[in-house]
Structure formats: structure tokens, C-alpha cells
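Let's take a friendly walk through this structure, beginning with a helix and its surroundings. Keep the viewer open as you read.

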Amino acid sequence: MNFKLIQNIAISLLLARWRQTLVAAIGVTFSITMFITLLSFMSGLNDLLDGLILNRTPHVRLYKEIKASDYQPVDIQSKKTKQYNFIRSIKPKSERLEIQNSAAIIKNLKTDSRVLGVAPKVTAQVFYNVGVIEITGVINGIDPEAENKLFFFNDYVTEGNFMDLKNIPNSIILGKGAAEKMLAQIGDVVQITSSKGERLSLKVVGFFQSGLQDIDNIQSYASISTTQKLLGESNNYITDLQVKLNDILMAPDVAKEYQRVYEIQAIDIQTANSQFETGSSVRSLISYAVGVTLLIVAGFGIYNILNMMIYEKMDSIAILKAIGFSGKDVNRIFILIALSIGVFGGFLGLLGGFGLSAIIDQIPFNTSSLPTVQTYPINYNPSYYLIGSIFAIITTYLAGYFPSRKASKIDPVIIIRGK
Amino acid sequence: MSQIILEAQGISKSFHDPVTIPVLKNISFTLNQGEFVSIIGKSGCGKSTLLYILSTMDTDYEGNLIINQVSMQGKDEGELAIVRNEKIGFVFQFHYLLNEFSVLENVMLPGQKLGKYSPNEIKEKAYQKLKILGIENEALKSPNQLSGGQKQRVAIARALINDPLIIMGDEPTGNLDKKNSEIVFDIFKELAEVYGQSLLIVTHDNEFASRTQRIIEMQDGSIIRM
């Protein structure tokens, strides 16, 4: 009844000045479009950059560290006395880098409900032989399937098939930089010398490119058994356990727990890569700030237009009041006008934002450091659309609130007598 | 027929800016059902000010205003709006129609606001009122397609839509030529005589006033003839 009437009046006022209305709505549309596009694009880039490190870094890495014991025999001796021991030049005792009882630990980890997966790794310091020259390098012995499942190994293998590591004995995937130095092609056989002097011929089955030059120059991948053979170790020799969790935020706690339970070094991703977290949160903060600024600017646009409309409609407001509309009714009419501009403009803005994001998603983006990325990254997160629409309605409401209040306070007598 | 529908009890008003000037001094009078009354007086004697107080649009005054046995004192803005909507029809010097709406919609607006009748009934009533005023053929036009006299008649139809207790006019013929003034006056007269409508019209047209049933003459904020 009454609401319908107010709605009618609002629509009539809107349509009577449809150009003005359109300009206001376009202001909202533009800002929501830019807000969504900006956030989608920024967070797409963010995810890409984070992914560069985070995808390939285990949430928790278990390893054995060679270091001197914190606890020396003399401490046991002097436990009950009040003396303090200064011991200099402590050396670590001869120890292997091998994780003791690794098979049992893996089995145990796999039953942990917080764990998404475990990938064992053997790291070996080697020399790549190029003629008479030896280039230092590192071979990571991996389980290709687990590595791909947890750390998207395939994304970084630019040529060749990563499963060949498993299927072809004595095979290797060379880092792109290392391969260039060795002038190696797929199918070639390269000579590798281990740090202990063992020599092994390995067949190149692929190239690997991480996007980080330092890594590509040094690292190569082989299967665990090949690496164990290279090191002359038994088949239960594992130096690293890479654990991926269901929830990355649990990593610090889980790392501490594993360190205690398995009596082994454990480092979580947050500690290992703290700079990334800071970087990405600051980047998203910036994009939110820009987006919100756009919306506020649009809000001021609506405010101006409504204000102007009210000055133009003074007579109409006065007459509405004279024939029995209360200040509240007038207030509602103008709030409704503001909100319809907001809803209409906001809705178009959501579509526009989606469209613009989709277009950016098609723009080619080729960079040697990111072999898997062909176009600019976009994050189509629905929450941006939700934030955008809520913000559109809130800003337009606020933009309409003050002019509406002014309209509701107009004294009809002054206007009618002023004629 | 002689029921009192509007009573002013000692209404006074002053403008305070920049110095206090009394505009209305202790005005008291009553208005009966079905009366056709005009208020005359020289420009600046306060007749329009009085009318706006009587119409509840101006609330800044001393004294008491009683409409239909109900005091307007202490009512808030929303309640006064309802009183205006239900009990008072207003015709201004300028027609004040809303150009965003058609003639018919303009007439229907107060009825829709009242919300007592269904939209169809309101439409029916609006046509009926337009017919009384002889402009039912213009119903679907936009107000700015109408002549000045026709617009004023639409404004009267709008004032009539809720069958108000009283119609107030502030120089309703002030902007019209002789012929249209005549038409409007005849309409008022017909409303008063045929339909028993109470009317209170402010005018400075003495000829107009002389043909009404009762004249209230004002001078310097006081009533000098009733």
C-alpha cells in the first residue's frame, strides 16, 4: 500500500531525470567493476606469486640437521652443583644425514588426519661432468607421483614426461640452467659424480624450470632409488620428509609436535618463508584500499546527484508534504531512489567486473620464469562479488541518507510562499 | 449544518529575525460546516500566514488550533501530515502539480497516501472529481500540457479527492485571468452550495470575496471584520 506508493513516486522521480540517474548508476557500476577486477587480478597475481614458493614448499619439512648436541656430558656430571660450564669448540659427532626409521615415520604420518600427504626425498650433492669440467649441483631423489600430487611437479617440467623418472631406470630431469651448461638434450646420457666419488651415467628424460635461476642452474631430479644408488646407500636412506597438511595454518604447531615426537628437526612453512606471508597480506591490503576508495568516490557522486535532485524537486517535496506526506515518507522516497541507483549500478558492476576479469584472463602473459602461466592470472573469488555488492548498497545508502534527511526537513511553507 | 469544524483560539505569531515583529495578534474565530468564507486584507496583513497555521503546515505559533474538535497542539510532524491528508484540501496560488505524473495520478496521490480505498476505487473517485470540474477528458495528459486554468482545476480536484473537511485556498485565482477566475469561483460556489463543502479562501480580490458567504477582513495581524 503505502510502500507501493512511495515506490511509484521514487520511480517516477528517477525516470523523470533518467540521464542523471544513469550517470549516477554508471558511477556505481564503474567503481564496482574496477573494485572486482582489481581485487580479482591482484589476488590472482598474489596467488601466482605465493604459489611459486608455497606450492613447492612442504608445509612441514622433517630432516636431520648436523649440529653439535645441546647437552654435553659435563653437564650431566655437574647437574647438582652450582657451577656453570663454558665449553668451547664443540664439534658435531659423526652422524649420517639419514632419517632414522624413516619407513615407520612415513607410515605414522600417513595415518595422521591433519596430513594431506607425505613425499620422501633424498638430497645428494653431486658434480655434473661436462667434459673435463665439473659443475657442482644437487640431485633431489623424489617419488615422482607423490611429488606431483603434493607439489605440482609436472608444472615445472617444461620438456619431457616426469613419470619417466619412475619408468626409465637411471634417468634424470635436469634443471634448465644446468642442462644448458652441459649442452644436454633429451635422450642424452650425462655423467654425474657423487661427493663420495661414485660415478653414474644417467639418461636425460626432461628439463625442469622453477623460475628461480639459482635453483635451475643447480638442481636436478632423479628417482629415490637412482639417488640412493648414486650415494651408495641402502634403499631405506631418506634425508627429508616433506609433509603437506590439510590446513597450512596448523603447520607451526604440527612442526613442533613432530619435532618432539620423532626427535628430528622439523621446520614449518611460515618460519621458512615468513617474507611471503607479509608480502601477500600487504598486497591484498593495497588492493582493498584502492577498491574501497573507488567505491567512496562513487558514493560522493551519488550524494551530489541526489543533492541536486532534491534542490530541483524542492517544489515537489513541498507539495507532497502539503497534501499529507510526512517527512518520513519523503525520506523514504529519496533513500529508495539512492538504493535503486545502488542496486542497479551495483548489479551491472558485478557483471562488468566479471566480464573485465574474464577479458584480462585471456590476455597472454608469457614469462620464462613461469612456464605454466599463459595468461594473466585472475582469482574468481565469489567473496569479492559479495563484498562489492554489500559495499555498493552501503555507500549508496549513506550517500542517500543525508540528502534524504535534508529533503524530509524541507519546510513546505517557505517554498510555497517563496513563489 | 452549523457544526464547528475549525476553531482558532488566540493564535499569535511573530517573526524573530532580525527583530521581533508580531505578524498575528491573538486571532480567534470559528468556521462552521458548509461555510464558504474568504479572508481578505492588504498585502502583508498576515492572512496567508494565518492560513498556513490553520492548514497545520506552520507549527511555530502560540494559541490553539482545533480541527474537527481535535486540538492540533502537541501533535508531531507525522500526525499533522495525516491530518492534512485526511481533513484538509489545499489549493495554492501556483498550481503545484507534479510534472512527473499524469493529471489523473496527481489527483490520485493524496488518496493513495490515505490508503483507505483500493486503487480502483481511488481512480473512480478521481474521475468523479475531475468530472465535477469538467476536465475528465484531460485525465491522462501531463500537467504541463494543460492551460493555467485547467491546472488550477486539477489542483482543486486533488484537494477534493479525500473528501476533506475543509478546502483552503491561498489566492487560488491570483494567477488566473478574469475568465478562468470566474470558472474557479463558480466551482467553489458549486462545491459549497451543492456538495456542502466548507471553504476558506485567502484572497485580495474584493470582488471575489464579496460573493462568498462570509468575509473575514484582516489588518496588521488582527481581524477587524468577521
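Four residues of α11(A) are buried: Ala251(A), Val254(A), Ala255(A) and Tyr258(A). Looking down the helix axis, these buried residues fall within an arc of 105°, so they line one face of α11(A). Here the arc is that of the directions from the helix axis to the C-beta atoms. A residue is buried if 20 or more other C-beta atoms lie within 10 Å of its own, exposed if 12 or fewer, and partly exposed in between, with C-beta atoms placed from the backbone. Helices (H or I, at least four residues) and strands (E, at least two) are DSSP runs, numbered from the N terminus.

This is a predicted model, where local features need pLDDT of at least 70 and side-chain atom pairs count only at pLDDT 80 or more, while totals for chains, interfaces and linings use all residues. Residues are numbered from 1 along each chain as its sequence is written, and chains are lettered from A and ligands numbered from 1 in the order in which they are written.

What covers that buried face? The cover of the buried residues of α11(A) includes β1 (60-63), β9 (240-245), β10 (265-268) and α12 (269-272) of chain A, with contact meaning C-beta atoms, placed from the backbone, within 7 Å. After α11(A) comes Glu263(A), with a positive phi near 50°.

Most residues other than glycine have a negative phi. Ser89(A), not a glycine, also has a positive phi, about 55°; Ser89(A) sits in the loop between α3 (73-77) and α4 (102-111) of chain A and is exposed, with 5 other C-beta atoms within 10 Å.

Terms used:
Two residues are in contact if their C-beta atoms, placed from the backbone, lie within 7 Å.
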